[in-house]
Amino acid sequence: MTAPLVDVAPALRRLPIPLAEPRPALRVLPESPPPVPPAQGVLPLVGTSGRSRQRPADGAVRPCAPSARAWAHQFVQAALEVISGRRPVVQLVRWTTEEVYATLSRRAALAQRFDRSTSCAPSAVVRSVHLCQPADGVVEASAVVIDRGRVRAVALRLDALAGRWQVSVLEII
């Protein structure tokens, strides 16, 4: 007679539970900013014709930046159209720093992913713009915007750069 074979179960091992952190929302899209395209499709904003000049005491002719209030009003309107998917982001490349351009690109890509069919929805309207000048060549602006029945706030910092404004900080709430 043969002895019955007994299966011996291996000893149980205890392993720690792996921690799975959710991926940050910024990693949903590529982390590297999109390449800056050529300026052919740049949106002309108020006072950017290059004709506005000022003559300082030394007699040299230097370009002066256009009206900050009108320029900020037009830029905020264009930026809201970009993040709603109604305007290509490349039109604002000349008027923004690389960081602001990357942020607008990311928000525009998200708008395209959701594709809310905004063709019949009214676009956002800039109701008012308020300015503060903390230093020469720097303007901080805030805007009140009506977007699809909601009141939103926009804050931006404009830096004078070679006779034009450039947005170095943009917050849309």
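What is the relative accessible area of Glu140, and does that make Glu140 buried, partly exposed or exposed?

Reply: Glu140 has a relative accessible area of 34%, so Glu140 is partly exposed. Buried means under 20% relative accessible area, exposed means over 50%, and partly exposed lies in between, with a 1.4 Å probe and protein chains only.

A word on the ground rules. The model is predicted, so local features need pLDDT of at least 70 and side-chain atom pairs count only at pLDDT 80 or more, while totals for chains, interfaces and linings use all residues. Residues are numbered from 1 along each chain as its sequence is written, and side-chain values use heavy atoms, without hydrogens and water.

Now look at the partner. Arg157 forms a salt bridge with Glu140 (a side-chain nitrogen of Lys or Arg within 4 Å of a carboxyl oxygen of Asp or Glu). Their closest N and O atoms are 3.4 Å apart. Glu140 sits in strand 4 and Arg157 in strand 5, so the pair ties together parts that are 17 residues apart in sequence. Strands here are DSSP runs of E with at least two residues, helices are runs of H or I with at least four, and both are numbered from the N terminus. Arg157 is also partly exposed, at 29% relative accessibility.

The structure holds five salt bridges. Another one joins Arg152 and Asp147, at 2.8 Å from N to O. Arg152 counts as buried at 13%. Asp147 is buried too, with a relative accessible area of 11%.

Four strands form an open sheet in the order 3-4-5-6, with antiparallel pairing (strands pair if DSSP finds at least two bridges between them). Strand 3 and strand 6 stand at the edges with a single partner strand each, so one side of each is left without a neighbour in the sheet.

Follow strand 5 into strand 6. Eight bridges join these two antiparallel strands. Ala155 has Glu171 as its bridge partner in strand 6. Ala160 stands opposite Trp165 in strand 6. The two strands form a hairpin with two residues between them. In the turn, Ala162 has a positive phi of about 55 degrees.

Leaving aside neighbours within four places in sequence, Leu156 is in contact (heavy atoms within 4.5 Å) with residues including Glu140, Phe75, Val76 and Leu170. So where does Leu156 belong? It is one of the residues that touch the most other members of the largest nonpolar core, which has 35 residues. Such a core is a set of buried Ala, Val, Leu, Ile, Met, Phe, Trp, Tyr and Cys residues joined through side-chain atoms within 4.5 Å. Among the elements that give two or more residues to this core are helix 1 (68-83), helix 2 (98-114) and strand 5 (150-161). Helix 1 gives the most, with 10 residues.

Finally, see how the helices lie. Helix 1 lies across strand 3, strand 4, strand 5 and strand 6. Helix 2 lies across strand 5 and strand 6.

Note on methods: Axes fitted to C-alpha atoms, helices over the stretch in contact; angles between N-to-C directions.
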